[in-house]
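Subject: Structure for your review

Dear colleague,

Please find below the structure that I am handing over to you. My notes on it come after the sequence and coordinates.

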Amino acid sequence: MKIGVLALQGDFSEHITMLKKLGVETVEVRLPKHLAGLNGLIIPGGESTTIGKLAVAYELMEPLREFGKEHAIWGTCAGAIFLSKDIGRDQPLLGLMDIKVQRNAFGRQVDSFETDLEIDELYKATGTEHPYHAVFIRAPIIESVSGSTKILSALADGRIVAAQQGRLLATSFHPELTGDTRFHEYFISLAS
Amino acid sequence: MEAKTGTWTEKKGLAQMLKGGVIMDVVNAEQAKIAEEAGACAVMALERVPADIRADGGVARMSDPDMILKIMDAVSIPVMAKCRIGHFVEAQILESIGVDYIDESEVLTPADEEHHILKHNFKVPFVCGCRNIGEALRRIGEGAAMMRTKGEAGTGDVVEAVRHARSVVGAIRQLKTMNDEELMAYAKNNGAPYELVKEVKELGRLPVVNFAAGGVATPADAALMMQLGVDGVFVGSGIFKSGDPAKRAQAIVKSVTHYQDASILAEVSKNLGEAMVGRNASQMPEGERLAGRGW
């Protein structure tokens, strides 16, 4: 099992630490050639505008879209924005997932928050039942999903914060900033 | 559970999202847009870049909140702003207008020569400068959720940033090999909180993100700092005091991502036009140095 982490900008090393804990081989992806031989890819948190511009500059857009047709990809926060089809403004997007995303949906940094989520899919996959503690940082929300995309988790007020479409996964929060490896385990099962 | 805001995880976490990125000084909305377009992961809003603060002399204070708000409106990336060392009311004002990070900065004229701000009292996270491990851990002890080297701002001379980064990274390497019984003496000798000294030994790094700042002017400077072990780079005067700011900004963004790839660094270093006019930091009289402000 070899998982790549897009390492253009953001907290890619935090994802690598989580994957290593789970005994997975990891690769930092900065150029198209780094995608060869991977079973899956994580797009980390960071600034989606920065990540998008660097992906365009180093001709990663098409290779990433091709990769996503065959393999699992998981985007956290900026990564979820980058995977989406529509964010209502002009910046480079992979457009792989049928989700509409709103950036900075909760406000500025002083509004960033931590909370517990109930995620049945995750409980089933990992044989656990305790809540998932989620860290949201200048986080986006998933405004709507369409096509075959299913909602994995929403806040009490109904706002969607995690979605899945086949082997593609989007979360507005940052599992890589917690000690809880369940989301990474779930993603590895999608990549297998 | 109730949602919790302003936690230590939240404060540190935003800095983690900035890693591998470039934070650029901007003095108006137009420059902020150029920075965002070039791929900056955040901007620092201030009225004058350090090179101009040096040239103008006088007292340098927090910027006009209206000017900071205009920059916050102009871009979608995080916006930071500076307050004076020890000036907790400037910090309260910056927090109230909603900036994403406050830099308690030696670039401005210090308001307190003995005390830094108790940063744990705020919901907004702070970044502070350091020259060595003791200074870094004192600031983290006060609640700084991100560190940067002080370097020597407004000079375009990277020598002081290198000195400070090597000092911090070297100290971490040294701590990793120490016995637990040596840690208290180390804490005493470096004026650093004992619990944080222990934490650095266990983690093998600072407990918060650590950027380079103060004199970075070229893509090669930025990559040098990354290879020395920092998590990202602040560029102050180096971009908008150069001949072609947009092009230089893009090149520095690329150099931080591809900091280990010399052929890409060569490519992005081509035809950037004039770099900022530098000032030799090593030959600068003590009174003109900013890094000595704060302790």
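Predicted model: local features only at pLDDT ≥ 70, side-chain atom pairs only at ≥ 80, totals over all residues.

Chain B holds an open sheet of 8 strands in the order β8-β7-β6-β5-β4-β3-β2-β9, with parallel pairing. At its edges stand β8 (209-211) and β9 (233-235) of chain B; each has a single partner strand, so one side of each is left without a neighbour in the sheet. From one strand to the next, the twist averages 30°.

Strand β2 (residues 22-26) of chain B runs parallel to strand β3 (residues 42-45) of chain B, and 4 bridges are found between β2(B) and β3(B). Within this pairing, B:D25 has B:M44 of β3(B) as its bridge partner.

Helices α10 and α12 of chain B

Helix α12(B) lies across β2 and β9 of chain B, and runs at about 155° to β2(B). Helix α12 (residues 245-257) of chain B also packs with helix α10 (residues 219-227) of chain B: their axes come within 8 Å and cross at roughly 25°. Since angles under 35 degrees count as roughly parallel, α10(B) and α12(B) are therefore roughly parallel to each other. Their crossing is right-handed. On the α10(B) side the contact is made by B:P219, B:A222, B:A223 and B:M226, which meet B:R248, B:A251, B:I252, B:S255 and B:V256 in α12(B). The residues of this contact divide into 7 nonpolar, 1 polar and 1 charged.

In chain A, strand β1 (residues 2-6) has 4 of its 5 residues buried, so β1(A) is largely enclosed by the rest of the structure. Strand β1(A) pairs in the parallel sense with strand β2 (residues 25-29) of chain A over 5 bridges; in this pairing, A:K2 has A:E25 as its bridge partner in β2(A).

Both chains contribute to an open sheet of 3 strands, ordered β8(A)-β7(A)-β1(B), with antiparallel pairing. The edge strands are β8 of chain A and β1 (4-5) of chain B, each of which pairs on one side only. Strand β7 (residues 113-117) of chain A is joined to β8(A) by 5 bridges in the antiparallel sense, and A:L117 has A:Y132 as its bridge partner in β8(A).

Two residues with positive phi

Which residues other than glycine have a positive phi? One is A:R138, with a phi of about 40°. Residue A:R138 is placed in the loop between β8 (132-136) and β9 (141-145) of chain A, and with 7% relative accessibility it counts as buried. Another is B:N271, whose phi is near 50°. Residue B:N271 lies in the segment after α13 (262-269) of chain B, and at 64% relative accessibility it counts as exposed.

With kind regards

Technical notes: Residues numbered from 1 in each chain as written. Chains lettered and ligands numbered in written order. Heavy atoms only, no water. Helix = DSSP H or I, 4+ residues; strand = E, 2+ residues; numbered from the N terminus. Buried < 20%, exposed > 50% of the residue type's maximum accessible area, 1.4 Å probe, protein only. Pairing = 2+ DSSP bridges. Axes fitted to C-alpha atoms, helices over the stretch in contact; angles between N-to-C directions. Parallel < 35°, antiparallel > 145°, perpendicular 65-115°, else oblique. Left-handed = near helix turned anticlockwise from the far one by under 90°. Contact = heavy atoms within 4.5 Å. Nonpolar A, V, L, I, M, F, W, Y, C, P; charged D, E, K, R; others polar.
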